[in-house]
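Please walk through this structure with me, one contact at a time.

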Amino acid sequence: MAGYTPYLDLIRPFLAGKALIASGMTREMERVSAAVRAAREQGPCALVCSGDPGIYALAGLVFEVCRAQGIPVSPAGAPPGGPGELTVEVVPGIPSLCAGAALLGAPLVHDFASVSLSDRLTPWETIEKRLDAAALADFVIVIHNPKSKTRTWQLARACEIIARHRPGTTPAGVVRRAMRKNQSVTLCTLEGLPEADVDMETILFVGNSKTFRHGSFLVTPRGYLEKYGATDAP
């Protein structure tokens, strides 16, 4: 079993007796390559990710490594392939945007865009273009990786870009450690986001032009009431 050490710690009770490949942040290439090698030489190897392995996680890198190394792959359940073929199964999980949305209420019922503010692998200029396009198109915007110890200015800049196309009073939500110990959920506005207490375990939600607060919840309507009208209250 392979994984980022803090993620393995989350499932530590299930790891007894299993050989582990553990490494820290920024060691993704090393970790995935070791997992692929272990799967080919020793048998099935699980690569543990946080949330869903296909959303800002390592499922894609597994396929990239296999392609770069000329390793043929096939999905689980497919007929046996040729020599050296590796069976890869991507097991879906609950990504932080779904966990965070559930805690906030229903902010993602209509179209949304998800953008990471980490520029470690994506140029900041590209991130700015994506933020501007999403805000212009009136998507609800989900922001991942809003701030780290070394990245402290990107969130304020992101809010400036979004504010070109929607007012500072736009409803927003801040969810930290969704569905984990010490989780917190806070409602605020777009103009208040730069001052929010956030870190790499925080996910942010910025509403679109229709998003509203109802009590302690954040809601983006799908459009049913506009089309069909409200029913009588009981």
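Glu 201 is partly exposed, at 35% relative accessibility. Here buried means under 20% relative accessible area, exposed over 50%, and partly exposed in between (1.4 Å probe, protein chains only). This is a predicted model, in which local features need pLDDT of at least 70 and side-chain atom pairs count only at pLDDT 80 or more, while totals for chains, interfaces and linings use all residues. Residues are numbered from 1 along each chain as its sequence is written, and side-chain values use heavy atoms, with hydrogens and water left out.

What does Glu 201 form with Arg 180? The two form a salt bridge, with the closest N and O atoms 3.7 Å apart. Glu 201 lies in the loop between β10 (184-189) and β11, and Arg 180 in the loop between β9 and β10, so the pair ties together parts 21 residues apart in sequence. A salt bridge here is a side-chain nitrogen of Lys or Arg within 4 Å of a carboxyl oxygen of Asp or Glu. The elements are DSSP runs, numbered from the N terminus: helices (H or I) of at least four residues and strands (E) of at least two. Arg 180 is partly exposed too, with a relative accessible area of 27%. Both residues belong to a network of salt bridges that also links Arg 176, Arg 177 and Asp 199.

The whole structure holds 12 salt bridges. One of them joins the side chains of Asp 132 and Arg 164, at 3.0 Å, N to O. This pair links distant parts of the chain: Asp 132 sits in helix α5, Arg 164 in the loop between α6 and β9 (171-176), 32 residues apart. Asp 132 is partly exposed, with a relative accessible area of 21%. Another salt bridge brings together Arg 27 and Glu 30, at 2.6 Å, N to O. Arg 27 is partly exposed at 39%, and Glu 30 is partly exposed at 42%.

Now turn to helix α6, residues 154-162. Its buried residues include Gln 154, Leu 155, Ala 158, Cys 159, Ile 161 and Ile 162. They cover an arc of only 160° around the axis, which puts them on the same side of α6. The arc is taken from the directions from the helix axis to the C-beta atoms. An α-helix has 3.6 residues a turn, so residues three or four places apart point the same way. What do the buried residues of α6 pack against? Their partners are α5 (124-136), β8 (140-144) and β11 (202-206), with contact meaning heavy atoms within 4.5 Å.

Aromatic rings come next. Rings of Phe, Tyr and Trp (its six-membered ring) pair if their centres lie within 6.5 Å; planes under 30 degrees apart count as stacked, over 60 as edge-to-face and the rest as tilted. By this rule there are 2 aromatic pairs. Tyr 4 and Tyr 7 are edge-to-face, 4.9 Å centre to centre with 85° between the planes. Tyr 4 is buried at 17%, whereas Tyr 7 is partly exposed at 26%. Trp 124 and Trp 153 are also edge-to-face, at 5.1 Å and 70°. Trp 124 lies in helix α5 and Trp 153 in the loop between β8 and α6, so the pair ties together parts 29 residues apart in sequence. Trp 124 is buried at 10%; Trp 153 is partly exposed at 46%.
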